[in-house]
Amino acid sequence: MQTWNEYGERNMLKKIRDQSLKIRKNSFFRQSLITLIFRVFGIITLFGFTVFLTKSYSPKIVGQYDFVRSFLLVVGSICLLGCDQSILYFKGRLSGSNSLEGIRKVYTKMLGLLLLMSVLFLLIFLSIDEEFINDYFFDSRVYAILLKSIMVLFFYGLTTLNTEVFRALDHFYVAELFRNTIKYIPLIVGAVLLYYSGLETYLVEVFLAGFVLLSIVTSIIVFFYFSKAKIENEVADFTYNDIFMKSYPIAISGMALFLLMSFDILFLKKYRDDATVAFYSVAVKLMTILSMVIITVNITVSTKISEYFFTKSKTDLVKTIQHASRLIFLLTFPAVLIICFFSEFILGFFGKEYVAAKDALLILIVGQGICSAFGTAPVYLNMTGRQHIFQIILIVAVLINFILNRVLIPQYGMTGAATAFVISSVFWNSITAVVIYRKDKVNVFLN
């Protein structure tokens, strides 16, 4: 006779099998899960390296590295002109033809634009007085550090572009590996060698040199993929103007987002010191655990939003948005609770001094938790042809962020920086959600 325990076990196994079958059939969930696994592995890699860095290097050196990293993110996004994202758009345009050869032609023109912008930035920077930059940041070494960063701009942009080309060529897992893990390997190896050689002060130089190496490796792989292309006369050939006109609106949005993540670092460098930058940057890295979840789900669902919107399949559109919002919430809410309750313990992993960022971390985590409730708002407007509206919202958010950082950081330091970031982030997410509801009667907020 079957006991209740046996019945319960069989029932539980049946539920597990049914759930597993649902996951296998649900391509959206499966792809989101695989992408999330790659990104979680990348976060673990970054977390482990950050612990090593903060325990082995002085906060001053770590702060210099984080300052250069933030600077490179902003300036690099400008140089790329949005090409790293628009390559996916051109992939879609070429889907009905010989897309491999078509993408190769678009990629070649994008390289030309990237090189032109990199040289232009170098010339502009060389025209600025060295003392002016050093005096602004109250640091005599800033000009030399920023000059080295700008000299590596082309290689940084090339690495980023190549990574997205992998995705455009349907080498999804290769793209995720480079985006989330491999890009850290040169820095990790270099940092370890510097530490055991007693040359820790060269951390920034090793970080920058890593992009030269990565650009070579990724370019070789891209060349290998393109070598399989068949040359045909009927392939669509986009002009430089076509590429620029489709890419620069994305560049504005991307640059605005990077500015939102960088003004705080730049002002902390000016009004505090490198050590404070290091403490705050650790809190920001922990916040990226939540932002990675949001980005991962949104990347996976973005093409579906575009497809259902333009085919006027509103039922499917609403269902997709609801599923994405719930998935984001289910994945982020536990992380918010864990980090909030164990914030001091988690920061202690990086060193006793880093507990100073506790209040800033709590503000950032709670703010990111609130933003996660807005689900697909960050990608909806871009995927439905309203990029210009999204740009205006982000530009206003950047201005708010700039003003708040300028006012709050001199007096409140890290907590002021965190408050400025959260207020501006909640602003653009909420305004975007309101615009989406008014225009399409679609609720992106968690429901």
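Predicted model: local features only at pLDDT ≥ 70, side-chain atom pairs only at ≥ 80, totals over all residues.
Y136 is partly exposed, with a relative accessible area of 37%, where buried denotes under 20% relative accessible area, exposed over 50% and partly exposed the range in between, computed with a 1.4 Å probe and protein chains only. Residues are numbered from 1 along each chain as its sequence is written, and side-chain values use heavy atoms, with hydrogens and water left out.

A search of the whole structure finds 25 aromatic pairs; rings of Phe, Tyr and Trp (its six-membered ring) pair if their centres lie within 6.5 Å, and planes under 30 degrees apart count as stacked, over 60 as edge-to-face and the rest as tilted. Y136 and F137 form one of these pairs, with 5.0 Å from centre to centre and 85° between the planes, an edge-to-face arrangement. The rings of F390 and W428 have centres 5.7 Å apart and planes at 70°, so this pair is also edge-to-face. F390 is buried at 1% relative accessibility, and W428 is buried at 8%. Elsewhere, F47, F345, F349 and F350 form one aromatic cluster.

Helix α15, residues 314-341, gives the most to the nonpolar patch, with 6 residues. I338 is found in this helix and counts as partly exposed at 47% relative accessibility.

The chain as a whole has 19 helices and 0 strands; helices (H or I, at least four residues) and strands (E, at least two) are DSSP runs, numbered from the N terminus. Of its 447 residues, 49% count as buried. The chain exposes about 21,600 Å², of which carbon and sulfur atoms supply 67%; accessible areas come from the Shrake-Rupley method with a 1.4 Å probe, and for residues only the protein chains shown count as cover. Among contacts in the chain with a separation of 6 or more, 82% are accounted for by residues 24 or more positions apart, contact meaning heavy atoms within 4.5 Å.

L122 gives a local view of such contacts. This residue is found in helix α5, residues 99-126, and is partly exposed, with a relative accessible area of 26%. Leaving aside neighbours within four places in sequence, L122 is in contact with L147, I150 and M151. L122 and S149 are 27 residues apart in sequence and 9.8 Å apart in space, C-alpha to C-alpha.

Charged groups form a further theme. Side chains of opposite charge can pair when their charged atoms come close. The structure holds 10 salt bridges, each being a side-chain nitrogen of Lys or Arg within 4 Å of a carboxyl oxygen of Asp or Glu. D66 forms a salt bridge with R69, the closest N and O atoms being 3.3 Å apart. Both residues lie in helix α3 (residues 59-80), 3 residues apart, about one turn of the helix. D66 is buried at 1% relative accessibility, whereas R69 is partly exposed at 22%. In helix α8 (residues 153-168), E164 and R167 are likewise 3 residues apart, about one turn of the helix, and their side chains meet in a salt bridge at 3.3 Å, N to O. E164 is buried at 4% relative accessibility, and R167 is buried at 12%.

The side chains of D139 and R141 meet in a salt bridge at 3.2 Å, N to O. D139 counts as buried at 11% relative accessibility, while R141 counts as partly exposed at 37%. D139 and R141 are linked with K269 and D274 in a network of salt bridges. The charged end of K269 also sits over the ring of F67, 5.4 Å from its centre; for this assignment, NZ of Lys or CZ of Arg is within 6 Å of the ring centre and within 35 degrees of the ring normal. The charged end of K270 sits over the ring of Y271, 5.3 Å from its centre.
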